[in-house]
Amino acid sequence: MKEKLSHVWAALCLFTRLPLWRIWSVPADSYRYASHHWMVAGGFAAALVGAVAFLGCYEVMPTPLCVLLAIVLNLFLTGAFHEDGLADFFDGFGGGHDRAGILRIMKDSHIGTFGVIALILYFILTAYCMTQWIGALHRIPHTAFCIWLIYVMQAVWSRFLASFILALLPYARSEEDAKIKTTYASWRWYNWVYALVVALGSYMAFQLLLPYPLPVMEIWLVAPVITMLVLYWKMLTRIKGYTGDCCGATVLLCELTMNVTLTCWFFLLGIV
């Protein structure tokens with residue numbers, strides 16, 4: 001049990017910038033299993049950010065400011081871990097002509113044109129879409145709590161889908177070439193059962209706690225599956241594997257797909 005808890009703790013230490021390592025410094029080998037628990041770490045980080053930005057500030061701040069606060073707090077809490085991956089992913093796949101070139105560019109610490117454009121578009125779309133769908137919910141009961149639930153669920157579900165990249169593709173680099181100097185452990189059947197339990201458990205809790213039934217949940221959850229499959233195909237055909245940057249990009253692009261889907265569906269329903 002202590003060994004499994006060390007894996008969860010390693011995920012919290014790796015995917016957030018909270019000084020949890022001061023409380024418990026887990027063995028270095030535990031970080032190989034952090035990806036098995038990144039849904040927990042992502043949901044935890046989103047819950048903290050959402051609690052401050054939405055449960056704490058929604059009633060006293062304009063919606064755009066709440067959204068910007070959530071984005072900034074998330075960057076500080078996670079150290080822009082996935083955003084860095086998104087920029088490197090677009091630099092590599094946008095500027096690389098072959099597998100070696102893509103991997104070389106993604107490892108380069110300098111950001112390129114494709115990465116800058118990707119980050120600008122990502123933040124603009126995220127801020128705009130969140131402002132729109134949050135504004136559309138202002139008339140329902142317990143609005144702030146509903147926003148918080150959606151925000152956390154997006155974090156958990158996007159990481160669940162990104163787990164397929166980890167499980168179905170081999171790591172594209174050697175351990176020595178990895179940015180974090182370690183490779184994630186392979187996924188076994190019980191890791192899949194655990195991930196499915198966390199994902200479905202989160203969804204059931206979301207549905208039970210949601211104070212107002214929303215007629216968009218199925219589309220909202222299925223749309224990012226398409227995004228994940230497209231990214232999987234790109235990684236498979238171009239680098240025949242994945243890197244940490246690919247995982248970070250998948251998480252953020254799946255989250256963005258969920259934000260866009262929610263906004264568009266509310267618009268079609270005449271709510272936005």
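Author: Gladly. A cavity is a set of points on a 1 Å grid over the protein atoms alone where a 1.4 Å probe fits but cannot get out, and lining residues have an atom within 4 Å of a point. Grid points are joined across faces, edges and corners, and a volume is the space filled by probe spheres set on the points. This is a predicted model, where local features need pLDDT of at least 70, side-chain atom pairs count only at pLDDT 80 or more, and totals for chains, interfaces and linings use all residues. Residues are numbered from 1 along each chain as its sequence is written, and side-chain values use heavy atoms, with hydrogens and water left out.

Reader: What is the volume of the second largest cavity?

Author: The structure holds 2 cavities of 30 Å³ or more. For the second largest cavity, the volume is about 60 Å³.

Reader: Which element gives the largest share of the lining of the second largest cavity?

Author: Residues lining this cavity include Phe15, Trp38, Phe81 and Arg159. Helices here are DSSP runs (H or I, at least four residues), numbered from the N terminus. The largest share, 4 residues, comes from H2.

Reader: Which residues are the closest to the centre of the largest cavity?

Author: The largest cavity has a volume of about 290 Å³. Among the elements that give two or more residues to its lining are helix H3 (63-78) and helix H10 (244-268). Of the 21 residues that line this cavity, the closest to its centre are Asn74, Tyr122, Tyr151, Leu252 and Glu255.

Methods. 1 Å grid on protein atoms, 1.4 Å probe; cavity = no way out; pocket = protein on both sides within 12 Å on 5 of 7 lines; lining within 4 Å.
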